[in-house]
Amino acid sequence: MFVHYFDLALRSLRRNKVLTALMVLAIAVGIGASMTMLTVMHVLSGDPLPGRSGQLYHPQVNPTLPPRFQSGPISAMDYRSATDLWGAHRAERQALIANGSVRVNLPESGQPPLARQLLLTTSEFFPMFDVPFRYGGGWSASDETSHARVAVISAELNQRLFGGADSVGRSLRLNGSEVRIAGVLEHWRPAPRFYDVWSGRYLKGRTSSLYQAAEDVYLPIFTGLDMFAPMELPVHFCWADGTKITSMQSAPCSWISLWVQLSGTEAVRDYQRFLDGYVQQQKQAGRYQGEQTWLPDLMQWVEWNHVVPGNVRMQAWMAVAFLLICLINTMCLLLSKFLRRSGEIGVRRAMGASRRTVFAQCLVEAGVIGLAGGIVGWLLTLLGLWLVRRQPEAYADLAHLDLPMLVGTFVLAVVASLLAGVLPALRASRVPIGLQIKTL
Amino acid sequence: MQIRPVFSALRHHRFTTAMIVLEIALACAVLCNACFVVVGQLRMLRIQSGIDESSLAVVTLGNFDRDRLADINARALEGLRGIDGVTTVNVVEGLPFVDAGGASVSVDPEGQRGRYAADFYFGDRDALRTLGVNLLEGQMPHDEDLSATADDTQRVYITQSLARELWPHDDALGKSMWCCNGARFRVVGVMRQLIRAMPRDDGASNWSVFTAKRLGEMSSAQFLLRAEPDRLDAALRQVRMAMARQVPDATLDDSATGKVGDLRDRYFHSNRATANMLAGTMLALLGVTALGIVGLTGYWVQQRRKQIGVRRALGATRADILHYFQTENFLIVALGMVPGGLLAYLFNMALMKHYELPRLPVFYLLIAAVVLWLLGQLAVLGPAMRAAAVPPVVATRS
């Protein structure tokens, strides 16, 4: 039956090629535009660490004091709070994070130094965030306490400096001091760079920089502090204006993030209690004034920081509205197409075809148009994403059509055209028989 | 032309009419808002910076030992001054489209009469002159401006728009303002314009402060180069070599190095991309809407062939038939504009909530109405001409 309807649909579509082409084109343009923007939106708002993100939490406290006392938990911590909480080891895994930039070159290479982004962190960063290694591995906990001069570098930096060879054990010069390479990462592209998105909230939608590639150099945070002068590392903000800052360890500034891994609601509740207890204790000691805490998980934290760029969001909405217009348009065209054949439908009904049959046949025709529109729309989506990839945005390389979105393109096209076909098909199936036959 | 018969004909096609009215309404809503956003983005692109963008470039160094800043600055300056075509090199801290320090300023020490978030630029004695900033009041910095006055007040230049905000009824020159930790400034000059480092489309895009400092007081290694516009590219090509030679203990900060014009383009890139994308969407939208009108009117013409024939046989001219369809379309678009206007404001409210967009001016609704009416008339022309070509003899066939 379906094959017969399909055949009928093809015949009917072939009868008025221009109208068919216009309908397919209208659906294709709507699908192409909306799927391009929705794919970008999907890639940028997706889970950066599927399977693991539900266990990762970003504890926050409020260590600020007058004159710049804040009323809620702040996005990063001061050194003391961060190391106290980190050192308590109350979670399965925990890592401290601070970023900076560094001058990199090889000892005695004579090449001009490279400017690279640096992540100061602790040893559990790598297993906690599932960071893949190509050679070697992370540093050990004892390297941390002994302020060992070790580093992990990215695959890209390893390619640039060592031509991709195993560089574990070789030396690297960072801002003039030598460190030993402990490990080289595989290509790793978290999108967004979720562990470091707190600036998103202050960027007013211009957040595409949060999607840049991961850092190239990873150093134990305590080693890094030996190598940088105070305030050479970027800080979130300082709450005691004007005081001379002599060390980052005692600075009244928030500049370190803490991430913890907790599995199960029980563990989360325990950690929340621990965090509250710590804050109370600090308040009694006079080091804190506010007692608010917050323990968002990774996706909540990313969401709170408005990580998806504002213009991407707006374009996605516009594209959806555009698709809606294309659908209504398809509805109009289908209606005129079906009703033009009122005579034919009348004859079929007079010869015994039920309303249901006419309805089903019309819907199949709409579905065929949708499928054709989906194919052309898919090509237009590929073209649209190619255009996005040519933009000088940090997220440009991410704009690829993945399998769910590919399937989504066709499903959306067919479902949309079926939806658009329902009302016209209903109208067509209600064509009064007698009247139509008389006019033949 | 009588409208009544057109109306009663439309009432017979309530469903199809409703469809096309809905399409027009949605098209109107999207068109108004997209157009409004595009105009806003284009206004951003044309924003005046107040400096001679075309003959300026900036070079920024990073990742050096802070204790050796003076030495690094001296070596870099020597290297940059040796580049062919570069007429002047100044040390600066912050530039439009690069970066600047932000702080709130106020007209009283406690900030009780309001605080205004402004951008602070610093530069050596001649930097303001090199930038090409126009002074409305006061004089370009001299040597004596570089040291703080007896009462520990720093001399600053502020923009006209900030001056009007701080002292709406008074001349700003010679006034004091406060910032940060009770630091006091004296206004010694008013600049016509100096845009903020990260301008947005708001009234505060020009709230900037410039302070001249001694070379030794600088806390960054950022240099402003001036050259003839056609020699700027060649000069910048030499910068990398010169810096590698002169300051091997620092790196070039690529994100803050280049022609000011290029940095401006980079800053506004997302605005341009948004404008292009929305303009493309609007064109496609108009095309699709026209398509719907052509398809539907074509169907109506075909359906009414016989009636048209009768009218023609009864004495209606071709022009009457043509006008009939044109009037019909005019009415349909007019019907669509009512829900369209409402929808447009609904969309606008959503945009206002999420994107800090101002309210949609009625002007845009008028534009959308005119565009859609013209589009409708154009789209209906083909089918209407076909209708007008129906011969009266059709009436006699059954």
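These legends describe close-up views of a predicted model.

Residues are numbered from 1 along each chain as its sequence is written, while chains are lettered from A and ligands numbered from 1 in the order in which they are written. Because the model is predicted, local features need pLDDT of at least 70 and side-chain atom pairs count only at pLDDT 80 or more, but totals for chains, interfaces and linings use all residues.

**View 1. Confidence in the model.** The model has an ipTM of 0.82 and a pTM of 0.86. In chain B, the average pLDDT is 90, and 98% of the residues score at least 70. The pLDDT is the predictor's confidence in each residue, from 0 to 100.

**View 2. The contact between chains A and B.** Chain A supplies 42 residues and chain B supplies 41 residues. Two residues are in contact if their C-beta atoms, placed from the backbone, lie within 7 Å. On the chain A side, two or more residues each come from helix H2 (17–45), strand E2 (93–105), strand E3 (114–121) and helix H10 (310–340). Helices (H or I, at least four residues) and strands (E, at least two) are DSSP runs, numbered from the N terminus. H10(A) gives the most, with 19 residues. By class, this side has 25 nonpolar, eleven polar and six charged residues. Nonpolar means Ala, Val, Leu, Ile, Met, Phe, Trp, Tyr, Cys and Pro; charged means Asp, Glu, Lys and Arg; the others, Gly among them, are polar.

**View 3. H2(A) against H8(B).** Helix H8 of chain B spans residues 269–303. Its axis and that of H2(A) come within 11 Å and cross at roughly 150 degrees. Axes are lines fitted to C-alpha atoms, for helices over the stretch in contact, and angles run from 0 to 180 degrees between N-to-C directions. The two helices are therefore roughly antiparallel (an angle over 145 degrees). H2(A) contributes Leu19(A), Leu22(A), Ala26(A), Val29(A) and Ala33(A). H8(B) contributes Thr281(B), Ala284(B), Val288(B), Leu291(B) and Gly295(B). Eight of these residues are nonpolar, two are polar and none is charged.

**View 4. H12(A) against H13(A).** Within chain A, helix H12 (residues 355–389) packs on helix H13 (residues 403–429). Their axes lie 7 Å apart, at an angle of about 150 degrees. H12(A) and H13(A) are therefore roughly antiparallel too. Their contact has 18 nonpolar, ten polar and one charged residues.

**View 5. The domains of chain B.** Domain 1 covers 4–45 + 270–393, and domain 2 covers 53–263. These bounds come from an automatic or database domain assignment. Taken over C-alpha atoms, the two domain centres are 52 Å apart.

Definitions and conventions: Angles under 35 degrees count as roughly parallel, over 145 as roughly antiparallel, 65 to 115 as roughly perpendicular and the rest as oblique.
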